[in-house]
Amino acid sequence: MQDTQNNHRLQGHLLGAFSVLVWGTTFVSTKVLLRTFSPIEIMIARFALGFLALLIVGHGLMRPQKKWHEALFAAAGLTGVTLYFLMENIALTYISASLVGVIVAAAPLFTALIAAAFLKEKLSIWFFCGFVCAMTGITLVSLAGVSELHFSPVGALLTVGAALVWGVYSVLIRVLGHMGYQTVPLTCRIFGYGFLFLLIPTAIGLPAGIAAWGTPVHLANLLFLGLLASATCFVTWNRAVFLLGPVRTSVYIYASPVITIIASALILHETMTPVMWVGTALALGGLMLSEKKTKKS
């Protein structure tokens with residue numbers, strides 16, 4: 001029994017780390033696509049591709065165990081897909097990919113507070129120590145970005161909103177996991193609702209033509225976002241939440257700024273400063289402190 005629990009914990013940590021590793025580079029990939037496409041276009045294409053992939057892998061769309069569970073699936077699709085990525089992608093039009101990456105790393109605090117309120121999860125001192133350490137690093141990177149990375153209050157507020165709704169999504173996933181749903185069919189149904197909600201903003205029109213997606217750079221970024229970052233990583237993240245809980249899994253988001261900043265420097269050639277490196281180191285320190293809590297639990 002103990003060996004099984006340890007294996008589940010290890011699996012959860014590996015899946016959470018993998019998801020964040022991939023997601024940390026999506027800011028860069030999205031930034032490349034935003035040069036040609038609108039945020040709505042990117043999201044529609046990304047999640048349509050992800051939904052179709054999960055539909056094939058999951059052998060169709062599952063039915064909920066009870067009718068009222070449909071509301072939970074719809075809420076998860078609205079928060080984890082539609083609102084989160086809409087806010088995040090629009091924020092990328094105001095501020096840099098690096099800055100979006102570090103601000104959204106505040107998501108673990110929102111997740112923890114929501115989980116404590118609705119799931120009665122206990123939060124130890126190590127979680128808050130880790131959060132303070134990580135947020136110190138995030139603040140350093142943000143301050144460095146104000147003078148060099150086109151800071152915008154609108155973009156920052158949108159990113160904070162994205163972090164908040166992600167916390168709601170993580171708790172909803174934990175609730176659905178306790179109901180016995182399998183990860184792939186669950187994620188597929190969530191994507192279905194997220195895609196439906198995304199169709200509402202399309203009433204304003206889509207400026208770019210379909211042919212533009214056929215260029216190699218656009219197609220490569222779409223496949224990366226749709227198949228790996230969406231279909232695959234949502235499954236691995238949701239599974240990690242099943243195994244570890246929303247709070248323990250969410251601390252991996254602290255590593256996202258490190259991945260985003262390195263990817264932004266290599267691909268987008270965004271400015272790196274010593275202060276930003278110190279900030280990312282503190283973000284990793286916050287992750288380690290939070291993990292100290294999990295090891296003692």
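This is a predicted model: local features need pLDDT of at least 70, side-chain atom pairs count only at pLDDT 80 or more; totals for chains, interfaces and linings use all residues.
Local features need pLDDT of at least 70 and side-chain atom pairs count only at pLDDT 80 or more, while totals for chains, interfaces and linings use all residues. Residues are numbered from 1 along each chain as its sequence is written, and side-chain values use heavy atoms, with hydrogens and water left out.

**View 1. Helix α3 and its bend at Leu78.** Take a look at α3, which covers residues 69–91 (helices are DSSP runs of H or I, at least four residues, numbered from the N terminus). From first C-alpha to last it reaches 32 Å, close to the 33 Å expected at 1.5 Å a residue (1.5 Å times one less than its number of residues). At Leu78 the helix bends by about 30°, the angle between axes fitted to the seven residues ending there and the seven starting there.

View 2. Trp23 is buried at 14% relative accessibility, and Phe234 is buried at 0% (buried means under 20% relative accessible area, with a 1.4 Å probe and protein chains only).

**View 3. A cluster of linked rings.** Ring pairs join Trp23 and Phe234 into a cluster whose members also include Phe47, Tyr84, Phe85 and Trp166. The count for the structure comes to 17 aromatic pairs.

Key
Helices (H or I, at least four residues) and strands (E, at least two) are DSSP runs, numbered from the N terminus. Rings of Phe, Tyr and Trp (its six-membered ring) pair if their centres lie within 6.5 Å; planes under 30 degrees apart count as stacked, over 60 as edge-to-face and the rest as tilted. Buried means under 20% relative accessible area, exposed over 50%, partly exposed in between (1.4 Å probe, protein chains only).
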